[in-house]
Amino acid sequence: MILASLIFALIAALLHVYIFIMESITWTKPATWKRFSLTSQADAETTKPLAYNQGFYNLFLAVGALTGIIAVAMGAPQVGWTLVFSCCGSMLLAALVLAASGKKYLRAAVLQGTTPLLAVVLGLLAVL
């Protein structure tokens, strides 16, 4: 269960790095802003500062989860699991907020929330 939890945490972290890239680096490219349901280049330009900031939140969650995975693997389970549970739990809660934002966000919320949910549940089963 430990390995499965850490694999799901890794997948969640990598997804959040990808989201960071979209929000903070490629936000004004049509392929990206259309994926986020924006309707024009002007909307992308207007929302760019918000997306840029949000992208870094996603990056920091990913870095925390990756650091936790490494800590568990290197023999510091208390530090590692604290980071994994905290970061993946935050990812999961953010996905729930996204799901509560409306039906059109359910697919994205499920995509964002499934791997951190599995990481947390399997991790809890492994350490308790």
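Reader: Which residues touch the most other members of the largest nonpolar core?

Author: This is a predicted model. Its largest nonpolar core has 15 residues. Leu6, Ala9, Ala65, Ile69, Trp81, Val84 and Cys88 touch the most other members.

Reader: Which helices each supply at least two residues of this core?

Author: Four helices do: H1, H3 (41–73), H4 (77–100) and H5. The largest share comes from H4, with five residues.

Reader: What is Val84 in contact with, leaving aside its neighbours within four places in sequence?

Author: Val84 is in contact with Leu6, Ala9, Ala65, Gly68, Ile69 and Gly89. Contact here means heavy atoms within 4.5 Å.

Reader: Why does Cys88 count as buried?

Author: Buried means under 20% relative accessible area. Cys88 has 0% relative accessibility, so Cys88 counts as buried. Cys88 is found in helix H4. Leaving aside neighbours within four places in sequence, Cys88 is in contact with Ala9, Ala65, Leu83, Pro116, Ala119 and Val120.

Reader: How many Å separate the C-alpha atoms of Cys88 and Lys29?

Author: They are separated by 29 Å. Along the chain, the two residues are 59 residues apart.

Reader: Why is H1 called roughly antiparallel to H5?

Author: Helix H1 (residues 2–25) and helix H5 (residues 106–127) pack at an angle of about 155 degrees. Angles over 145 count as roughly antiparallel. That makes H1 roughly antiparallel to H5. Their axes are 8 Å apart. The crossing of H1 and H5 is left-handed.

Reader: Which residues of H1 and H5 meet?

Author: From H1 come Ile2, Ala4, Ser5, Phe8, Ala9, Ile11, Ala12, Leu15, His16 and Ile19. In H5 they meet Leu111, Gln112, Thr115, Pro116, Leu118, Ala119, Leu122, Gly123 and Ala126.

Reader: How do the residues of the contact of H1 with H5 divide?

Author: They divide into 14 nonpolar, five polar and no charged.

Reader: What makes H1 and H4 oblique to each other?

Author: Their axes cross at roughly 50 degrees. Angles under 35 degrees count as roughly parallel, and those from 65 to 115 as roughly perpendicular. The rest, apart from angles over 145, count as oblique. H1 and H4 are therefore oblique to each other. The axes of H1 and H4 come within 11 Å. The crossing of H1 and H4 is left-handed.

Reader: Which residues make the contact of H1 and H4?

Author: H1 contributes Ile2, Ser5, Leu6, Ala9, Ala12, Ala13 and His16. H4 contributes Trp81, Val84, Cys88 and Met91. The residues of this contact divide into nine nonpolar, two polar and no charged.

Reader: Why is Thr32 called buried?

Author: The cut-off for buried is under 20% relative accessible area. Thr32 has 6%, so Thr32 is buried. Thr32 lies in helix H2. Leaving aside neighbours within four places in sequence, Thr32 is in contact with Met22, Thr26 and Trp27.

Reader: Why does Ser37 count as partly exposed?

Author: Buried is under 20%, exposed is over 50%, and partly exposed is in between. Ser37 has 43% relative accessibility, so Ser37 counts as partly exposed.

Reader: Where is Ser37 found?

Author: Ser37 is found in the loop between helix H2 (30–35) and H3. Phi of Ser37 is near 65 degrees. That is a positive value in a residue other than glycine.

Definitions and conventions. Residues are numbered from 1 along each chain as its sequence is written. This is a predicted model: local features need pLDDT of at least 70, side-chain atom pairs count only at pLDDT 80 or more; totals for chains, interfaces and linings use all residues. Side-chain values use heavy atoms; hydrogens and water are left out. Axes are lines fitted to C-alpha atoms, for helices over the stretch in contact, and angles run from 0 to 180 degrees between N-to-C directions. A crossing is left-handed if the near helix is turned anticlockwise from the far one by less than a right angle, and right-handed if clockwise. Ala, Val, Leu, Ile, Met, Phe, Trp, Tyr, Cys and Pro count as nonpolar, Asp, Glu, Lys and Arg as charged, and the others, Gly among them, as polar. A nonpolar core is a set of buried Ala, Val, Leu, Ile, Met, Phe, Trp, Tyr and Cys residues joined through side-chain atoms within 4.5 Å. Buried means under 20% relative accessible area, exposed over 50%, partly exposed in between (1.4 Å probe, protein chains only).
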